[in-house]
Amino acid sequence: PCRSVLTVACEQTEVLLFDPISSKHIKTLSEAHEDCVNNIRFLDNRLFATCSDDTTIALWDLRKLNTKVCTLHGHTSWVKNIEYDTNTRLLVTSGFDGNVIIWDTNRCTEDGCPHKKFFHTRFLMRMRLTPDCSKMLISTSSGYLLILHDLDLNKSLEVGSYPILRARRTTSSSDITSSGSSGPRAVGSPCHQNDSGPLSEKHMSRSSQREGGSPRNSLEVLTPEVPGERDRGNCITSLQLHPKGWATLLRCSSNTDDQEWTCVYEFQEGAPVRPVSPRCSLRLTHCIEEANVGRGYIKELCFSPDGRMISSPHGFGIRLLGFDARCSELVDCLPKEASPLKEIRSLYSHNDVVLTTKFSPTHCQIASGCLSGRVSLYQPKF
């Protein structure tokens with residue numbers, strides 16, 4: 001959070017630390033994990049968490065990097081995402097075992113942290129919390145997007161009693177209507193697996209009803225519209241949230257890996273039209289086709305700190321995208337129908353496929369990392 005350290009998760013077992021201003025290498029955690037490191041999340045100015053394909057999460061202290069604070073065991077497959085609820089100080093992780101697990105970092109010991117399984121769904125790809133931690137979004141390799149509304153991490157979703165909600169396809173028009181289809185299914189690629197639906201009845205639970213209000217952790221199941229994919233399945237490989245919570249940003253690939261899209265979906269707040277029908281909370285507003293270089297690899301994109309720009313991996317470089325050519329706020333250029341994102345600038349300095357990119361939260365700086373391990377830092381010239 002103090003923005004003084006750039007951390008890099010590596011395909012092998014390493015975590016690299018850099019000074020993002022001077023570009024100096026600070027330290028290498030050469031055996032941070034026993035397998036690929038997938039994600040890093042800072043909890044405060046000194047404590048950060050890493051997750052790995054070795055099925056564990058590790059906690060680290062910047063002041064003492066020679067040893068881990070502790071190692072967390074609970075997942076049974078590759079751990080891909082880490083989120084942190086600043087309200088409850090709970091760590092939230094997700095993995096390819098389909099589990100979302102909650103960790104109480106307030107009661108960590110050398111042996112680990114108390115934890116519980118919060119949610120389960122098949123073919124889970126990515127999980128994110130909105131900036132105010134009021135919603136949890138989960139994407140799947142079969143093209144589903146799950147939204148848990150009015151999030152309460154203290155209430156585990158017990159198995160067996162949650163009603164099945166009919167999947168709905170988001171639309172690009174302002175007139176949102178429900179769809180009877182359960183949406184496309186993804187097949188083919190290593191990250192695309194057949195799925196008869198995002199959840200089976202035995203994997204769902206009913207959250208308690210509040211007096212005069214909607215239930216906590218109410219579930220919405222969507223199949224987001226992707227241009228050119230009306231008749232084919234897609235895999236939602238990257239999932240990000242607008243810093244002000246206005247929209248979600250998805251990177252989608254077709255089930256045959258021959259197309260990639262970056263799509264922006266505006267949150268449509270409000271209750272469903274009919275209480276018996278699931279709401280449709282997202283509307284496609286902007287999209288752009290990607291280069292589709294490096295098939296099968298996941299490319300992580302991001303919003304700028306003010307939410308006006310998107311940095312997206314594009315071949316051997318990155319593209320800076322805006323909602324219009326002037327980099328206006330999303331709320332000032334919402335179209336009635338989905339519109340193309342505008343390319344503001346392209347930056348190329350890599351000799352391999354770029355897999356990840358990140359804006360500095362405090363400085364005019366962008367970082368990108370490619371498959372061969374090179375990290376590039378970009379700053380504008382004034």
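Trainee: How many helices and strands does the chain have?

Mentor: The chain has zero helices and 28 strands. Helices (H or I, at least four residues) and strands (E, at least two) are DSSP runs, numbered from the N terminus.

Trainee: What should I know about the source and the numbering?

Mentor: This is a predicted model: local features need pLDDT of at least 70, side-chain atom pairs count only at pLDDT 80 or more, and totals for chains, interfaces and linings use all residues. Residues are numbered from 1 along each chain as its sequence is written, and side-chain values use heavy atoms, with hydrogens and water left out.

Trainee: What share of the residues is buried?

Mentor: Buried residues make up 56% of the 382 in the chain. Buried means under 20% relative accessible area, exposed means over 50%, and partly exposed is in between (1.4 Å probe, protein chains only).

Trainee: Let's do sheets. In what order do the strands of the open sheet with S8 run?

Mentor: The order is S8-S9-S10-S11, four strands with antiparallel pairing. Two strands pair if DSSP finds at least two bridges between them. Strand S8 (79–85) and strand S11 (115–120) are the edge strands, each pairing on one side only. Neighbouring strands here are turned by 25 degrees against each other on average, direction ignored. The axes behind that angle are lines fitted to C-alpha atoms.

Trainee: How many bridges join S10 to S11?

Mentor: Five, with S10 (residues 99–104) and S11 running antiparallel. Val100 stands opposite Phe119 in S11.

Trainee: Now S19. Why is it called largely enclosed?

Mentor: Eight of the eight residues of S19 are buried, so the strand is largely enclosed by the rest of the structure. Glu260, Thr262, Val264 and Glu266 point one way, while Trp261, Cys263, Tyr265 and Phe267 point the other way. In a regular strand the side chains alternate between the two faces of the sheet.

Trainee: Which strands does S19 pair with?

Mentor: Strand S18 (residues 247–254) pairs with S19 in the antiparallel sense over seven bridges. Cys252 stands opposite Trp261 there. Seven bridges also join S19 to S20, again antiparallel. In that pairing, Thr262 stands opposite Ile288 in S20.

Trainee: What about the hairpin of S18 and S19?

Mentor: The hairpin has five residues between the strands, and Asp257 takes a positive phi near 65 degrees.

Trainee: Switching to charges. How many salt bridges are there?

Mentor: The count comes to 19. A salt bridge is a side-chain nitrogen of Lys or Arg within 4 Å of a carboxyl oxygen of Asp or Glu.

Trainee: What does Glu266 pair with?

Mentor: Glu266 forms a salt bridge with Arg283, with the closest N and O atoms 3.2 Å apart. Glu266 is in strand S19 (residues 260–267) and Arg283 in strand S20 (residues 282–289), 17 residues apart. Both are buried.

Trainee: And which residues meet Arg308 in salt bridges?

Mentor: Asp306 meets Arg308 at 3.9 Å, N to O. Glu329 meets Arg308 at 3.5 Å, N to O. Glu329 lies in the loop between strand S23 (317–322) and strand S24 (339–340), and Arg308 in the loop between strand S21 (302–303) and strand S22 (309–314), so the pair ties together parts that are 21 residues apart in sequence.

Trainee: Buried or exposed, that trio?

Mentor: Asp306 is partly exposed at 35% relative accessible area. Arg308 is partly exposed too, at 30%. Glu329 is buried, at 11%.

Trainee: Which residues are linked in a salt-bridge network?

Mentor: Arg251, Glu260, Glu290, Lys299, Arg319 and Glu343.

Trainee: Last one. Where is Leu301?

Mentor: Leu301 sits in the loop between S20 and S21. Leu301 counts as buried because its relative accessibility is 1%. Leaving aside neighbours within four places in sequence, the residues in contact with Leu301 include Leu249, Thr262, Ile310 and Pro313. Contact means heavy atoms within 4.5 Å.

Note on methods:
Axes are lines fitted to C-alpha atoms, for helices over the stretch in contact, and angles run from 0 to 180 degrees between N-to-C directions.
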